[in-house]
Amino acid sequence: MTRLIAIPALAAILSVAAIADANAGSWSRSHSVTGPRGTTSWGSSGSCAGGSCSWQGGGTGFRGNSWSRQGQAACGGGTCNWNGEFTGPRGNTHTYGGSSYY
């Protein structure tokens with residue numbers, strides 16, 4: 001359970017860092033790793049403009065279980081606010097959000 005919450009929270013924090021340069025444009029990343037039990041792959045993409053960013057991503061585990069996430073953030077007046085959703089491999093959806101100062 002902690003890992004399910006930590007993944008989207010980390011993604012949100014890293015995305016807020018990109019908002020400091022809100023004209024960063026778009027980005028995408030994908031990765032995979034193969035081990036003795038099979039291959040796990042994941043990826044994400046997003047864009048920033050005018051003080052706000054949005055992102056989306058997901059992945060598939062070696063057992064075929066998948067997850068996805070999406071979110072958005074906006075910064076202004078010294079505060080960044082973010083929120084989004086994470087859907088886990090069992091179909092449960094969790095929302096997250098928060099704010100930080102810069």
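What is the torsion about the S-S bond of Cys 48 and Cys 53? The torsion is about 110°, so this disulfide is right-handed. The structure is a predicted model, in which local features need pLDDT of at least 70, side-chain atom pairs count only at pLDDT 80 or more, and totals for chains, interfaces and linings use all residues. Residues are numbered from 1 along each chain as its sequence is written, and side-chain values use heavy atoms, with hydrogens and water left out.

**Disulfides**
- Taking a disulfide as a pair of cysteine sulfur atoms within 2.5 Å, the count comes to two, and the bonded cysteines, numbered in sequence order, pair as 1-2, 3-4.
- Cys 48 is joined to Cys 53 with an S to S distance of 1.9 Å, and both of these cysteines are buried, where buried means under 20% relative accessible area, exposed over 50% and partly exposed in between (1.4 Å probe, protein chains only).
- Cys 75 and Cys 80 form a disulfide with their sulfur atoms 1.9 Å apart; the torsion about its S-S bond is about 110°, so it is right-handed.
- Cys 80 is buried, with a relative accessible area of 3%.

**Strands 1 and 2**
- Strands here are DSSP runs (E, at least two residues), numbered from the N terminus, and two of them pair if DSSP finds at least two bridges between them.
- Strand 1 (residues 25-35) runs antiparallel to strand 2 (residues 38-49), joined by eleven bridges, and the two form a hairpin with two residues between them.
- Within this pairing, Ser 28 stands opposite Ser 45 in strand 2.

Methods: Helices (H or I, at least four residues) and strands (E, at least two) are DSSP runs, numbered from the N terminus.
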